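Open the model in your viewer and keep the selection tool ready. The stops below go from the whole chain to single residues.

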Amino acid sequence: MDCSLILHLALILICASQGLCQYEGYDYDTDYEPDPDVHYRPSIHFHHTVDYNVPNVPYATDCARECYCPPSSIVTMYCDNRKLKTIPQIPSRIQQLYLQHNEIEGVDRKSFINATSLREINLSYNKLKSNRIDSGVFATSPHLHQIILNNNDLEEIPSPISSSVERIFLGSNKINKVREQDLQGLVNVTMLDLCNNHIDNIKGKALSKMTRLMQLNICNNKLISVPASLPTSLMYLSLENNSISKIPDDYFAKLTNLTAIRMSHNKIDEVPLYMFNLPKLMELNLGHNKLKRIFYIPRSLEHLYLHDNEFETINITLMCPVMDQTHRLTYLRVDQNRLKGPVSTLAFLCFPHIQSIYYGEQKRSAGDSQTHLIPSYPLPDVARYAEDDDDDDDFPQYHREEHGPIVEEVDNEDEDDFQDYY
Ligand SMILES: *[C@@H]1O[C@H](CO)[C@@H](O)[C@H](O)[C@H]1NC(C)=O
Ligand SMILES: *[C@@H]1O[C@H](CO)[C@@H](O)[C@H](O)[C@H]1NC(C)=O
Ligand SMILES: *[C@@H]1O[C@H](CO)[C@@H](O)[C@H](O)[C@H]1NC(C)=O
Ligand SMILES: *[C@@H]1O[C@H](CO)[C@@H](O)[C@H](O)[C@H]1NC(C)=O
Ligand SMILES: *[C@@H]1O[C@H](CO)[C@@H](O)[C@H](O)[C@H]1NC(C)=O
Ligand SMILES: *[C@@H]1O[C@H](CO)[C@@H](O)[C@H](O)[C@H]1NC(C)=O
């Protein structure tokens, strides 16, 4: 026996006793050519008492031919960027399945039938069509946690989905409605992303049973009214760029865990005075609407965006009826309104933490010959973070320790950013 064969045998033994690696998946002759002169030191250690909860056999032979099963993880299969048109055979041990960036249009009834360990499926950037997906294909994996279906051609939510699911990504599809049954039984969902679709209608109580939902993104759709019956667990709500003109008076009343509300680029012309009286609200973005009258600002609010509305004046007494200096507002953006002068200096009594009020340029009113340019507070170099039009970004991250003057803008459009909130 030559030296390298002994090494191979030793490795196989280690693998088998560990139940951890996929040494056999390698083609010995091409991929694995250890230098026989180098003393082999396995970097893995024996822990005979550890139960890895996986069968003690070498797996490699069951990796789908089109895919790659890395030796470092027996539960992951990479099949991304391979021009695949169908879902490969999935060994039952696989927990993470990466199928993004392929040309898959359909999923048949049998595709996931053996994949009972699946926790995460990434099928983003394929060509999935609703009429090519058999009913129930995403409901056969009892441990499914995350399903990533963004950037496909789906016209409907592919229901049912396993009731174990916690994060659902359906952005950038062609979904035009959310039916009541689509999200039925999904009690563990914390994050639902439906941005960049064609949704004009969310039926009745479709969302109300998701009692753990923390983040709901329905930006860039065609909603003309706010979705009804949001669960009280909600913390981040993104409804930017729809056609919402009215918010019912008591809409947010029970949503006391809301931390951020983004509703810029809608058609809202009025909100009741105490609509946003929410104890944990830190960010409120109502830029690019049609508001004329200001409203009460909760003490917790730090960033308020009111740019591109119809304000002629901003009445501080309405924002802050009791000047007890407990308001935490640090940033107020009011450019592109119809203001003729700076807001009252009462603002500084009300909002002792204010770092910046950004006036930018104001819109011309009819009969008004000049654009009003109001000096910002403080002077422009500190107001620099209003430079970019930022309201289209993802939610800023709230895990910072102190309330610095700069709004942490996340510039990146990756879907992953949404996970930063957990
Ligand atoms: C499921 O497993 C059975 C038994 O191992 C096998 O015959 C069948 O081809 C598998 N089906 C799929 C779609 O992987
Ligand atoms: C899923 O695939 C997309 C596209 O490549 C990628 O951006 C994303 O990070 C993947 N998500 C996860 C959770 O791996
Ligand atoms: C929801 O999550 C809880 C705890 O994380 C778990 O015990 C329960 O089985 C899950 N429900 C479903 C339907 O999977
Ligand atoms: C609003 O959404 C539409 C698609 O519904 C998109 O074309 C447009 O670019 C979005 N506008 C903004 C400001 O994001
Ligand atoms: C609101 O948040 C708190 C603290 O994170 C949590 O304990 C509570 O369950 C949440 N409320 C609801 C209705 O989910
Ligand atoms: C602000 O609103 C209050 C309450 O409506 C009103 O009494 C007050 O005169 C207003 N202040 C200004 C400066 O318009």
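Residues are numbered from 1 along each chain as its sequence is written, and chains are lettered from A and ligands numbered from 1 in the order in which they are written.

Colour by pLDDT, the predictor's confidence in each residue, from 0 to 100. The protein chain averages 80, and 72% of the residues score at least 70. Select residues 1–52: pLDDT stays under 50 there. Residues 379–422 also stay under 50. Where pLDDT is low, the predicted coordinates should not be read in detail.

Switch to cartoon. The protein chain has three helices and 13 strands. These are DSSP runs (helices H or I, at least four residues; strands E, at least two), numbered from the N terminus.

Go to ligand 1. Gln89, Lys110, Ile113 and Asn114 surround it, each with its C-beta atom, placed from the backbone, within 6 Å.

Now pick Ser238, in strand β8 (residues 236–238). Why does Ser238 count as buried? Because it has 23 C-beta neighbours inside 10 Å. Arg262 is 24 residues away along the chain, yet the two C-alpha atoms are separated by 4.8 Å. Beyond four places in sequence, Ser238 touches Leu216, Asn217, Ile218, Cys219 and Arg262; contact means C-beta atoms, placed from the backbone, within 7 Å.

Finish with the backbone in the loops.

- Pro160 sits between β4 (146–148) and β5 (167–169). The peptide bond from Ser159 to Pro160 is cis, with omega near -5 degrees.
- Ser172 is in the loop between β5 and β6 (191–193). Its phi is positive, about 55 degrees, although it is not a glycine. Ser172 counts as buried because it has 21 C-beta neighbours inside 10 Å.
- Gln325 lies in the loop between α2 (316–319) and β12 (331–333). Its phi is also positive, about 60 degrees. With 12 C-beta neighbours inside 10 Å, Gln325 counts as exposed.

Terms used:
This is a predicted model: local features need pLDDT of at least 70, side-chain atom pairs count only at pLDDT 80 or more; totals for chains, interfaces and linings use all residues. Two residues are in contact if their C-beta atoms, placed from the backbone, lie within 7 Å. A residue is buried if 20 or more other C-beta atoms lie within 10 Å of its own, exposed if 12 or fewer, and partly exposed in between; C-beta atoms are placed from the backbone.
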